[in-house]
Amino acid sequence: MPDGIRFHGRPVRLVLFDLDGTLADTAPDLAYALNQTLVRHGRDALPFERIRPHVSHGGIALIRAGFAIEPDHPEFQRYREDLLAIYQANIARETTLFPGMAEVLEQLERHSVGWGVVTNKPAWLTDPLMAGLGLTRRAACIVSGDTTANGKPHPGPILHACEVADTAPRECLFIGDAERDIIAGRAAGTTTLTALFGYLDEQDRPDSWGADDSVAAPAQILEKLGIGTGQ
């Protein structure tokens, strides 16, 4: 067991990350897919800044934002299918880890703390993205939106990740950039950390989510865990 790695008084043997907006900056590729979909259907492309806050909420939110229609619109599903097909074909075109996140993963591994991913992204998108980032074999667990019966904010995906990684939830820290991440982590019995560098919009009130703490940049994760980058 790692010696001295603790968060808010509890030992940390496993750190779980949400994927979009927490571990990886997927917004450029999702924005590209949305704009390609808009242009394909005779609409104007949107500025990146308009699209970024919606990325964590998936394809439905992107189509809703881009086309200003709701899921009951007769063309909604066709637009969403086009979006996802374009995204799948360009899934690691510009996506990278957030600045400083590579060092976070390296330091966790150096201190024998496992790490994994719990995302609502379906496996047919999660798996090629993790492979494209070269992270598949390094992760202790990868739980997608269709791995378990329920997605976040249900605690099931996080509990499953802990089981796969052979770690008790009380020894796990879950990090995410959306309220559903914090709700899921708390319900699962993990400690929680809000990634303020993620895809929050102006309506979000992260201070009200009930997380144990928050970070404005990935490097602060190591500070919260008491891990120095020179160790």
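Trainee: What makes Asp20 count as buried or exposed?

Mentor: Its relative accessible area is 7%. Buried means under 20%, exposed over 50%, and partly exposed in between, with a 1.4 Å probe and protein chains only. So Asp20 is buried. One caution: this is a predicted model, where local features need pLDDT of at least 70, side-chain atom pairs count only at pLDDT 80 or more, and totals for chains, interfaces and linings use all residues. Residues are numbered from 1 along each chain as its sequence is written, and side-chain values use heavy atoms, leaving out hydrogens and water.

Trainee: Why is the contact of Asp20 and Lys121 called a salt bridge?

Mentor: The rule asks for a side-chain nitrogen of Lys or Arg within 4 Å of a carboxyl oxygen of Asp or Glu. Here the N to O distance is 2.8 Å. The pair links parts of the chain 101 residues apart. Lys121 is buried too, at 8%.

Trainee: How many salt bridges does this rule give?

Mentor: Ten. One of them joins Glu171 and Arg13, with the closest N and O atoms 3.3 Å apart. Both residues lie in loops, so the pair ties together parts that are 158 residues apart in sequence.

Trainee: What are the burial labels of Glu171 and Arg13?

Mentor: Glu171 has 15% relative accessibility, so it counts as buried. Arg13 has 28%, so Arg13 is partly exposed.

Trainee: Which residue forms a salt bridge with Lys152?

Mentor: Asp18, with the closest N and O atoms 2.8 Å apart. Lys152 is buried at 5%, and Asp18 is buried at 5%. Shared partners join Asp18, Lys152 and Asp181 into one network.

Conventions:
Helix = DSSP H or I, 4+ residues; strand = E, 2+ residues; numbered from the N terminus.
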